[in-house]
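Have a look at the sequence and the structure below.

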Amino acid sequence: ALKFEPEMTTDEIVDTARRFFYEHYGLYGDGKIRLKHRLLHLRRMAGDSFLQRGRIVLHEKDLYHGDVAGWQHDFSLSTKLNESELRDFLETKFGKSIYPTERVVQLEKQLCTGNHRFTHLFYTEGELGELRGIYSTMELHQRKRREELIANNRAYYQKNLLHNRLQIAKLSTSIMNSILLHMQPEPLKAASGAVDPALAWRAARLDDTKVFKKMANENAGDMSVDILLDASHSQVTKAAKISSQAYIIAEALSRCHVPCRVMSYCSMSGFTILRLFNEYAAASDNSRIFDYATEGCNRDGLAIRAAGELMSRSPCEHRMLIVLSDVKPLDVAKIRRNEQDVGVSYDGIRALTDTAHEVRRMRANGLSVICIFTGEDVDLPYARMVYGQDFVRIRDHSLFADAVGKLIIDQMKNYAV
């Protein structure tokens, strides 16, 4: 469904509507003035009290310096919400922030730079507080919708329970075999280490100093995995499938005792929201993944950058990021170089290039990044542009474990080199 948030500006509403009609009906065009006329009609039909509850004020500007039958005006929506109030709104909508304000400010100074300057971050575990204030009626409806989506996620998994359990078993077996084959430490001859009795005689007879054994790749099996789910509205029709796929991967990794963290991302009103479903220490509790719900847009470059920062805190030497996405980054918050800059849109090739840059930067820092592509055939070139060869599209769910397992195992082989 097409919906607008109360804190959105006119441009954000127009961009959201344009994206909706393009994705669902293949329609693309400007239509900005016509949409604003309909917003004015909504105001007349709903009354001022409706808009006041949404904290939105409608301003009327005459584009033609005169009243021309009421149809040649520019109607712009502006919000009264400042940054602090927006964070309060996000807490009502997505859950309490897991970081204090001071910590968030530090993270934004570190991460919200370059193409993401003047944007913000919001981290949550989805713990919803009590509804209060002007958003209570509206958000109550949204929470009911979210509960329906979550129930649908769980029902979808249960409907295919036997098949899903088979996929978990196959994937966990593949990962465990790869750990045993490629990532276990191997004894090698060395000039230092533990004396090998079978080689000790070589020191006196042959003056061979390599009579010790040392374990190669001692930390090769030390690996953590983060799963990042695109939770933008474009994924709404695939939400149940995506949550099931994420659960299968996380559960298979947990059975192999590989620390795994799952999180989702979306963007709204200049904020990129990261929802954490579990942590490495609680990786066996994967059922919260079914709380995955779609909302808003997706600023992929910033989300991947933020995920990389979280991964940098992993105690493991080897770190892997698995992204489930349709690789169609789009955010209503524009790219701006300074406060006076009008900015350019974060979409299309510009957004794809930004996302590809973040993926390359993470790989250059020693992190593995792979993608499970959830989009359509027409968007496959975008997946290749961003992730190179390290992505897979699952057309047949019965092959899910085989395809994902191969992708993960290929990365694990590199750890053993």
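**Starting from a threonine**

Find Thr 124, which sits in strand 3. Before going further, keep in mind that you're looking at a predicted model. So, is Thr 124 buried or exposed? Its relative accessibility is 0%, and since anything under 20% counts as buried, Thr 124 is buried.

What does Thr 124 touch, once we skip residues up to four places away in sequence? One group of contacts is Phe 94, Gly 95, Lys 96 and Ile 98, and another is Ile 273, Leu 274, Arg 275 and Leu 276.

Now zoom out to the whole of strand 3, which runs over residues 120–124. Five of its five residues are buried, so to speak a mostly covered strand. In a regular strand, side chains alternate between the two faces of the sheet. Here, His 120, Phe 122 and Thr 124 point one way, while Leu 121 and Tyr 123 point the other way. Both sets are made of buried residues.

Who is strand 3's neighbour? Strand 3 pairs with strand 9 (residues 271–276), in the parallel sense and over five bridges. To see how they line up, find Leu 121: it stands opposite Thr 272 in strand 9.

Let's follow strand 9 to one of its charged residues, Arg 275. Arg 275 is buried, because its relative accessible area is 14%. It forms a salt bridge with Asp 291, with the closest N and O atoms 3.7 Å apart. Arg 275 is in strand 9 and Asp 291 is in the loop between strand 9 and helix 10, so this pair ties together parts that are 16 residues apart in sequence.

Asp 291 has another salt bridge, with Arg 154, where the closest N and O atoms are 3.6 Å apart. This pair links distant parts of the chain: Asp 291 is in that loop and Arg 154 is in helix 6, 137 residues apart. Arg 154 counts as partly exposed because its relative accessibility is 36%.

The side chains of Glu 295 and Arg 145 meet in a salt bridge, at 3.8 Å from N to O. Glu 295 lies in the loop between strand 9 and helix 10, and Arg 145 in helix 6 (residues 136–159), so parts 150 residues apart in sequence are tied together. Glu 295 is buried, with a relative accessible area of 3%.

How many salt bridges does the structure hold? There are 22. Elsewhere, Lys 238, Glu 376, Asp 377, Arg 393 and Arg 395 are linked in a salt-bridge network.

Now for the surface. Ile 349, Tyr 382 and Met 385 form a nonpolar patch there, with about 260 Å² of accessible area together. Tyr 382 lies in helix 12, residues 380–387. With 33% relative accessibility, Tyr 382 counts as partly exposed.

Finally, step back to the whole chain. It has 13 helices and 14 strands, and buried residues make up 49% of its 417 residues. Its accessible surface comes to about 20,300 Å², and 53% of that belongs to carbon and sulfur atoms. Among contacts between residues at least 6 apart in sequence, 70% join residues at least 24 apart.

How values were computed. Residues are numbered from 1 along each chain as its sequence is written. This is a predicted model: local features need pLDDT of at least 70, side-chain atom pairs count only at pLDDT 80 or more; totals for chains, interfaces and linings use all residues. Side-chain values use heavy atoms; hydrogens and water are left out. Buried means under 20% relative accessible area, exposed over 50%, partly exposed in between (1.4 Å probe, protein chains only). Helices (H or I, at least four residues) and strands (E, at least two) are DSSP runs, numbered from the N terminus. Two strands pair if DSSP finds at least two bridges between them. Patches are made of residues with over 30% relative accessible area and no salt bridge: like charges are joined within 9 Å, nonpolar side chains (Val, Leu, Ile, Met, Phe, Trp, Tyr) within 5 Å. Accessible areas come from the Shrake-Rupley method with a 1.4 Å probe; for residues, only the protein chains shown count as cover. A salt bridge is a side-chain nitrogen of Lys or Arg within 4 Å of a carboxyl oxygen of Asp or Glu. Contact means heavy atoms within 4.5 Å.
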